[in-house]
Amino acid sequence: MSIVLRRYMPLVITAILGFFMILSYPIDNPAITGISADLGKWVMILASFGLGIGAINMFLVHGHAIARMEKGRWIPSIALLGSLILTTVLGLTTGIESDQYTSLYDLLVGAGRLTFTSLRGFFMFSAFYRAFRARTWEGGIMLGGTLLVMMYQVPIAELFYPPLNVFTKWLLDVPFAGGNRAITIVGGIAMIIMAIRMISGIDKTWMGRGE
Amino acid sequence: MFFEERGALFFFMIFVFVVAYGISEWAKRGKTWELRKLAPIDAILEGIGRAVELGRPVHFSAGVDRAGPGDPDRGHAYPMLRYVAMNCAERDCRLITTVGKGDVYAVIDQIVKEAAIDAGKPEWYRPDDVRFLGEDQFVYAAGVMGIISREHVATNLMFGYHRGALINMLEAGRMAGALQIGGMARMTGELGFMALGCDYFLVLEELVAASAYISGESGQIGTVATQDYLKFLLIAIILIGSLLYTVGIDTLYKILAW
């Protein structure tokens with residue numbers, strides 16, 4: 001592929017497709033929304049091809065590791081390829097709604113996910129403990145705000161000192177909501193600028209290079 | 001109707017595009033703006049230096065979201081990865097890059113490879129150090145936690161969009177004694193995890209500024225200036241609109257709702 005094609009084709013494709021995707025939001029016209037819907041289908045088709053290439057690549061990389069019995073890699077590679085083959089065969093022969101297929105997923109992936117989610121509780125606790133120590137005045141404000149919101153949500157404050165809830169509700173409805181909206185608006189501008197940078201070719205890092 | 005109450009948005013988008021492109025061209029012709037120093041960016045260099053001194057690798061995570069219209073974080077993570085990879089290559093520091101979505105693997109691999117070439121050290125690039133760990137966020141997080149603890153990562157860089165398992169990865173980094181720097185461009189609950197677990201982190205628009213800051217390109221710095229001008233414009237619209245609506249004039253409201 002010539003350097004011109006390699007350098008400019010991705011930019012041209014991104015610019016044209018990006019504009020169609022953006023235009024489909026404010027313009028309610030079947031011609032434009034139709035193109036944008038078709039582009040969405042293209043993404044699915046490309047992703048399916050990507051999945052196929054990924055599976056072939058996995059067989060090549062891990063098959064190589066197994067064949068050479070690479071230290072520390074070949075046993076996990078057998079487990080990986082074995083799982084891939086087992087899942088594919090089960091899915092194709094019994095269907096993805098079958099008990100065998102769903103049990104395989106639920107018992108392995110589902111259990112792992114639950115374990116991870118439980119673990120997250122402990123990690124969150126230790127992270128909160130570190131972050132909410134009132135060593136600085138900023139930390140103190142954060143700690144105070146957190147305690148107020150917690151007492152409002154539980155709601156313990158309602159039981160012991162109801163006026164505190166009025167204050168916390170005001171905090172949530174006025175300063176917090178205002179701050180949140182300001183951050184959302186500024187974040188939105190940042191996203192628009194980033195999209196413009198990528199679509200117009202000002203930023204080309206996503207193609208693997210700077211200038 | 002043609003616009004379905006999004007006419008003002010349509011013209012605003014065109015306006016933003018013209019202004020951003022115009023200011024970017026202005027910057028290319030010599031107009032300069034001073035960007036304030038961003039502590040997390042300086043900390044990245046410190047982190048790489050620390051990894052070199054300790055003889056341990058740097059880990060970079062580019063997030064777990066797909067490349068697509070719904071993912072602004074990728075746009076910020078790529079320039080950051082290029083910057084980190086170039087600096088690691090220059091200092092011969094090992095960089096382990098993990099990928100959470102298959103469709104962006106090739107892009108990320110290419111960024112690391114080209115960064116090595118641009119740094120003048122193509123031999124530094126190791127395909128084995130750009131690793132796809134799995135599409136599921138928990139599978140990805142388990143892989144990252146394993147890498148952080150097995151490889152004794154000295155600096156953990158978490159850019160791009162991460163989901164709830166982010167806190168698990170950050171705590172694994174803390175247990176390994178790694179310097180942790182992160183950034184996220186979306187206002188989600190995970191942003192709080194980033195603030196809790198990272199030593200330094202960049203949030204929302206700071207990421208846009210950071211990618212321009214590290215690139216040093218006048219065009220990109222121009223877009224950061226555009227961002228600030230737009231903020232002033234929006235503040236003016238909000239203030240004027242609130243004032244007019246309070247005194248009973250709803251013209252601006254009607255224009256914006258068109």
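**Salt bridges and the interface**

Tutor: Over all chains, the count comes to 18 salt bridges, a salt bridge being a side-chain nitrogen of Lys or Arg within 4 Å of a carboxyl oxygen of Asp or Glu. This is a predicted model, in which local features need pLDDT of at least 70 and side-chain atom pairs count only at pLDDT 80 or more, while totals for chains, interfaces and linings use all residues; side-chain values use heavy atoms, with hydrogens and water left out. Residues are numbered from 1 along each chain as its sequence is written, and chains are lettered from A and ligands numbered from 1 in the order in which they are written.

Student: How many salt bridges are there across the interface of chain A and chain B?

Tutor: Two. In one of them, A:Arg113 pairs with B:Asp136, and the closest N and O atoms are 2.8 Å apart. That pair runs from helix α4 of chain A to the loop between β3 (130-132) and α5 of chain B. Helices (H or I, at least four residues) and strands (E, at least two) are DSSP runs, numbered from the N terminus.

Student: And what does A:Arg73 meet?

Tutor: The side chain of A:Arg73 forms a salt bridge with that of B:Asp128, at 3.9 Å from N to O.

Student: What about polar contacts between the chains?

Tutor: Between chain A and chain B there are six residue pairs in polar contact, both residues at pLDDT 80 or more. A polar contact is a pair of N or O atoms within 3.5 Å; within protein, one must be able to donate a hydrogen and the other to accept it, and residues adjacent in sequence count only if both atoms are side-chain atoms.

Student: Which elements of chain A give two or more residues to the side that touches chain B?

Tutor: They are α1 (3-23), α4 (99-131) and α7 (162-199) of chain A. The largest share is from α7(A), with 15 residues. By class, that side has 28 nonpolar, ten polar and ten charged residues. Here Ala, Val, Leu, Ile, Met, Phe, Trp, Tyr, Cys and Pro count as nonpolar, Asp, Glu, Lys and Arg as charged, and the others, Gly among them, as polar.

Student: How much area do chain A and chain B bury?

Tutor: About 4700 Å² between them, with 72% of it on carbon and sulfur atoms. Buried area is the accessible area (1.4 Å probe) that two parts lose on being put together, summed over both. A:Phe116, A:Phe123 and A:Ile202 supply 14% of the area that chain A buries against chain B, more than any other three residues.

Student: Which residues are closest to its centre?

Tutor: Of the 20 lining residues, B:Ala8, B:Phe12, B:Leu234, B:Ile237 and B:Leu256 are the closest to the centre of the second largest pocket. The largest share of the lining, six residues, comes from α9(B). The lining divides into 15 nonpolar, four polar and one charged.

Student: And the largest cavity?

Tutor: Its volume is about 30 Å³. Its lining includes B:Val64, B:Tyr140 and B:His162. The most residues, three, come from α5(B).

Student: Where is the cis peptide bond?

Tutor: A cis peptide bond joins A:Val154 and A:Pro155, with omega about -5 degrees. A:Pro155 is in the loop between α5 (137-153) and α6 (157-160) of chain A.

Key:
1 Å grid on protein atoms, 1.4 Å probe; cavity = no way out; pocket = protein on both sides within 12 Å on 5 of 7 lines; lining within 4 Å. Points joined across faces, edges and corners; volume = space filled by probe spheres on them.
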